[in-house]
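Have the sequence and the model open as you read.

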Amino acid sequence: MRCKECGGVLLPRADVSGISIRSALFALKNGGIITGTEFEKLDRSWMEHRKKNGLDAFGRRAETCK
């Protein structure tokens, strides 16, 4: 990502920490890399894995209130 004003790099290409797993799945589907059926299967699998392991949308352990 580059700054619109100065053209400087804001985020290196390898930094995907701000992209949720589900957003990545939508991008793969919209880019034609996976089919709608594959998307649904992966999305369902991700939701199950997320709930089972207490993860947030980005795949990190969800914060809990004390």
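This is a predicted model: local features need pLDDT of at least 70, side-chain atom pairs count only at pLDDT 80 or more; totals for chains, interfaces and linings use all residues.

A residue counts as buried at under 20% relative accessible area, exposed at over 50%, and partly exposed in between, using a 1.4 Å probe and protein chains only.

Numbering runs from 1 along each chain as its sequence is written, and side-chain values use heavy atoms, leaving out hydrogens and water.

The protein chain has two helices and zero strands, taken as DSSP runs numbered from the N terminus (H or I, at least four residues, for helices; E, at least two, for strands). Now for α2, residues 36-53: its 18 residues should span 26 Å at 1.5 Å a residue, and the end C-alpha atoms are 26 Å apart, so the two agree. The expected span is 1.5 Å times one less than the number of residues.

Here is how α2 splits by side:

| Group in α2 | Residues |
|---|---|
| Buried | F39, D43 and W46 |
| Exposed, on the face turned away from the buried side | T37, K41, E48 and K52 |

In general, an α-helix has 3.6 residues a turn, so residues three or four places apart point the same way. The buried residues of α2 pack against α1 (21-30). Just after α2, G54 takes a positive phi of about 60°.

Key. Contact means heavy atoms within 4.5 Å.
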